[in-house]
Amino acid sequence: MQRSMMEAYGWWRGITRYQWLVLLVAWMGWVFDSMDATLYVVVLTPALKTLLGPAATDAAIAARGGLILAFFLIGWAIGGVLFGVFADRLGRTRALIWTILIYAVFTGFAALSQTWWHLAIFRFLTAIGVGGEWAAGAALVAEVWPLRARTMAGGVLHSAWAVGVFFAGAVNYFIGPYSWRAVFVVGVAPALGALVVRRNVREPEMWHAAVNRLPATDSPEFLVGGMRELFRPGLLRATLVGSLMAFVAVFGLWGVTYWTPLLIRHAPDAALVAEAATVHRVSVGVMILNVGALVGYLAFAPLTIRIGRRWAFFIFFLGALVMVPTLFHTARRYEQVLWLLPLLGFFTNGIFTGFAIYFPELYPTRLRTTGAGFCFNFARVFASTGPFLTGALTGLFGSFSRAVTAVGMIYLLGLLLLPFAPETRGKDLPA
């Protein structure tokens, strides 16, 4: 209990300037990761109206939009797994630099799309960088920050996602009414962050101590050795449960939460306002949702210190399960949507802080980003069916609200997984 109190209160005392710098660099990388991931969501409708032309019916936009999101999640999974191995073998900092460059450059290329499948390809390539950045940043912070402050640092790190989504909403608010292509061009800006990482961040000592015991990069074990170890008896449970928990959260986020712009566009009073006003409504909705998400990100860390990792996940999975039907079946006007969006964001987004804290605690140093990257990202291959399923069920059920609510039942699976999740509160990182 005393140790938990020290983690929750005064956790920032004694932190060095360099440790703060590492947290800031990883935080900014995740901010822009989030921004570039979200830009497509806020411009989905106008972009597909342009790219589909006369065929741009509501059903076609939902179907193609869901398919593009599915491609994005598959790319995210591939990038997360590959760069997880890359970061364990060649360094956290190198992985951070390359992933930032990848997601920034290909977000800019999305502005050049002439067909919907051009956009799908560019979003797939963007996602490879988006997926790879998370594991490298989370491992870097976990290994540089001391145990007593590591949990709170992980919470601060993941708050960056809400800030990035807020930036995406702000970019769309000011630029979206004029050009969805210009919105994507703004996404190139994070490439400058790679220069900051290269100049100021070194590899953690913990990584240097472990990397000398790893196989050479030209060995066949370079890519497959670490992946194989994740499924050996000592780590199998952590890998399976962690991957399934991430699957539930990602499936829900992209199958439910990231369709809220369409909820705003389909509100009964949406037909009464002009398209420019609707764009502003969507932007405000995205930003309001992420006010709740930001609170959720910051609340998860002290909560998990007090009651443990598993109970914190329980509260957030249960809250998400309740909020999905509450929002999509009770909100009939734009004002009602705005009141409920922060609560949805608190639970469905806030839960991701847990993964930044929890996954690095499950694996030893030589497998930390491989394991965290696999759990957080491989599940996205299966979770990629979430947005596609939502779009398909909209046509089948004849109701956007019913489709989203059906997809939202995935959070029940999250609750059923928790008894099998290892509890890591108060334990040192496995060396």
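**A buried charge network**

Reply: Arg92 is buried, and so is Asp88. This is a predicted model, and every value here is computed from it.

Me: What makes Arg92 and Asp88 a salt bridge?

Reply: The closest N and O atoms of Arg92 and Asp88 are 2.5 Å apart. The cut-off is 4 Å between a side-chain nitrogen of Lys or Arg and a carboxyl oxygen of Asp or Glu. The Arg92–Asp88 pair therefore counts as a salt bridge.

Me: Why can such side chains pair at all?

Reply: Side chains of opposite charge can pair when their charged atoms come close.

Me: How do you know that Arg92 and Glu143 form a salt bridge?

Reply: Their side chains meet at 2.4 Å, N to O. The limit is 4 Å, so the pair qualifies. Arg92 lies in helix H4 and Glu143 in helix H5 (residues 116–144), so this pair ties together parts that are 51 residues apart in sequence.

Me: Why is Glu143 called buried?

Reply: Its relative accessible area is 9%.

Me: What makes Glu143 and Arg368 a salt bridge?

Reply: The distance is 3.0 Å, N to O. That is within 4 Å, so the pair counts. Glu143 sits in helix H5 and Arg368 in helix H17 (residues 368–383), 225 residues apart.

Me: Why does Arg368 count as buried?

Reply: Arg368 has 0% relative accessibility. The label needs a value under 20%, so Arg368 is buried.

Me: What makes Asp88, Arg92, Glu143 and Arg368 one network?

Reply: Salt bridges that share partners join these four residues. Arg92 pairs with Asp88 and with Glu143. Glu143 also pairs with Arg368. The whole structure has 5 salt bridges.

**Helices and core**

Me: How do you know that the span of helix H4 is close to the expected one?

Reply: Helix H4 (residues 92–109) has 18 residues and reaches 26 Å from its first C-alpha to its last. The expected span, at 1.5 Å a residue, is 26 Å. Buried residues of H4 include Arg92, Leu96, Ile100 and Tyr103.

Me: How many helices and strands does the protein have?

Reply: There are 20 helices and 0 strands. Of the 431 residues, 61% are buried.

Me: Which residues have the most contacts inside the largest nonpolar core?

Reply: They are Trp134 and Phe359, in a core of 145 residues. Helix H2 (residues 17–52) gives the largest share of this core, 19 residues. Beyond its neighbours within four places in sequence, Phe359 touches Trp134, Gly242, Ala246, Gly354, Ala372, Cys375 and Phe376.

**Rings**

Me: How many aromatic pairs does the whole structure hold?

Reply: The search finds 23. One of them joins Trp30 and Trp161.

Me: Why is the pair of Trp30 and Trp161 called tilted?

Reply: The ring centres are 4.8 Å apart and the planes meet at 45°. Stacked needs under 30 degrees and edge-to-face over 60, so this pair is tilted. Trp30 is in helix H2 and Trp161 in helix H6 (residues 147–175), 131 residues apart. Trp30 is buried at 2% relative accessible area, and Trp161 at 3%.

Me: Why is the pair of Phe313 and Phe317 called stacked?

Reply: The planes of Phe313 and Phe317 lie at 25°, with ring centres 6.3 Å apart. The angle is under 30 degrees and the centres are within 6.5 Å, so the pair is stacked. Being 4 residues apart in helix H14 (residues 309–330), they are separated by about one helical turn.

Me: What makes Arg281 lie over the face of Tyr334?

Reply: Arg281 is at 4.4 Å from the ring centre. The distance limit is 6 Å, and the direction must be within 35 degrees of the ring normal. Arg64 likewise lies over the face of Trp116, at 5.0 Å.

**One serine**

Me: Why is Ser159 called buried?

Reply: Ser159, in helix H6, has a relative accessible area of 6%. That is under 20%, so Ser159 is buried. Leaving aside neighbours within four places in sequence, Ser159 contacts Trp27, Leu294, Tyr297 and Leu298.

Conventions: Residues numbered from 1 in each chain as written. Predicted model: local features only at pLDDT ≥ 70, side-chain atom pairs only at ≥ 80, totals over all residues. Heavy atoms only, no water. Helix = DSSP H or I, 4+ residues; strand = E, 2+ residues; numbered from the N terminus. Expected span 1.5 Å × (residues − 1). Buried < 20%, exposed > 50% of the residue type's maximum accessible area, 1.4 Å probe, protein only. Core = buried A, V, L, I, M, F, W, Y, C linked by side-chain atoms within 4.5 Å. Contact = heavy atoms within 4.5 Å. Phe/Tyr/Trp six-rings, centres within 6.5 Å; stacked < 30°, edge-to-face > 60°.
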